[in-house]
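Welcome! Take a moment to look over the sequence and the 3D view, and then we can walk through them together.

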Amino acid sequence: MKKITASLLAGLILISACSAPKKTESISMANSGKVWSSLWQQRSAEYKALCFQAYNLAKMRLNEAIRTEGTKPFAVVTDIDETVLDNSPYDAMRADSNLEYTPDTWKAWTAKAIADTVPGAPAFFKYAASKGVAVFYITNRNEDEKAATIKNLQLYGLPNTDDAHVLMRESLSSKESRRQVVLSTYNIVLLCGDNLPDFDALYDSPADKKQTEQSRAAVTERLKKEFGSRYIVIPNPSYGDWENVLFDNKKLSNPQKDSVMRAKVKVDKQ
């Protein structure tokens, strides 16, 4: 009888251990926010409306610019990620697993060449090309991503998707030298992007002096007349230089990021 009781007790303990819920790591505030951002980007009509608004404005500004005559042909310069191509499935995949961006997982995503387009982007750039305006894609993807990037752009029939017009990242993340290459032979009438360094070198971070929230705000105030005129900003709530400066340009763990976010967010007190 004692042996039977002991066996039953051992079995009950084993069943209890197997059926007990496993302790899982809760998703960080930072990554939870990125999941919400990806949902908004993928599913909200408001995101589409903002993108259409931006590219409708871009078309108006382009039409105004090409009425003038100049010594150089016209060009439009655009970023790629979150400006032409939508990478929210990658962002959501990493965030939902409570993981950060890594170069290897990012390249595994871009190698698929299946990213969808940002609403309004294909129609605008095709329109620009139809007016004889060259389109240059200046991206901070690496050179080894070029073939897949061009393949992804060509999937949607985007214009000027060749080696000469798709300019990948060089040794530095700054896009200024590549913009200057385009400016040497073209008149850049419009720049499109989701991150402020896509537009002006004043937003770049020299190695000896990183950008801050205050310095970026001051530059934006200085350049405010350019936005909606020559600079067309596409919404991107998931990532960008704004995120880097929020965390003081430091590599932080998820708990550290959450602590910074709680310290900086404005919260009503009741």
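A residue counts as buried when its relative accessible area is under 20%. By that cut-off, 42% of the 270 residues of the protein are buried. Keep in mind as you read that this is a predicted model.

**Overall build**
- If you browse the secondary structure, you will find 11 helices and 7 strands in the protein.
- The radius of gyration of the protein is 24 Å, whereas a compact globule of 270 residues would have one near 18 Å.
- Taken along the principal axes, the box that the C-alpha atoms fill is roughly 100 × 45 × 35 Å.

**Contacts and surface**
- How much of the contact count comes from residues 24 or more positions apart? Such residues account for 74% of the contacts in the protein with a separation of 6 or more.

**A cavity inside**
- The structure has 1 cavity of 30 Å³ or more.
- The volume of the largest cavity is about 30 Å³.
- By residue type, the lining of the largest cavity divides into 3 nonpolar, 3 charged and 1 polar.
- Val, Ile and Cys count as nonpolar, while Asp and Lys count as charged, which lets you sort the lining yourself.

Terms used: Residues are numbered from 1 along each chain as its sequence is written. This is a predicted model: local features need pLDDT of at least 70, side-chain atom pairs count only at pLDDT 80 or more; totals for chains, interfaces and linings use all residues. Side-chain values use heavy atoms; hydrogens and water are left out. On a 1 Å grid over the protein atoms alone, a cavity is a set of points where a 1.4 Å probe fits but cannot get out, and a pocket is an open set with protein on both sides within 12 Å along at least five of seven lines; lining residues have an atom within 4 Å of a point. Grid points are joined across faces, edges and corners, and a volume is the space filled by probe spheres set on the points. Helices (H or I, at least four residues) and strands (E, at least two) are DSSP runs, numbered from the N terminus. The radius of gyration is taken over C-alpha atoms; the globule rule is 2.2 Å times the number of residues to the power 0.38. Buried means under 20% relative accessible area, exposed over 50%, partly exposed in between (1.4 Å probe, protein chains only). Contact means heavy atoms within 4.5 Å.
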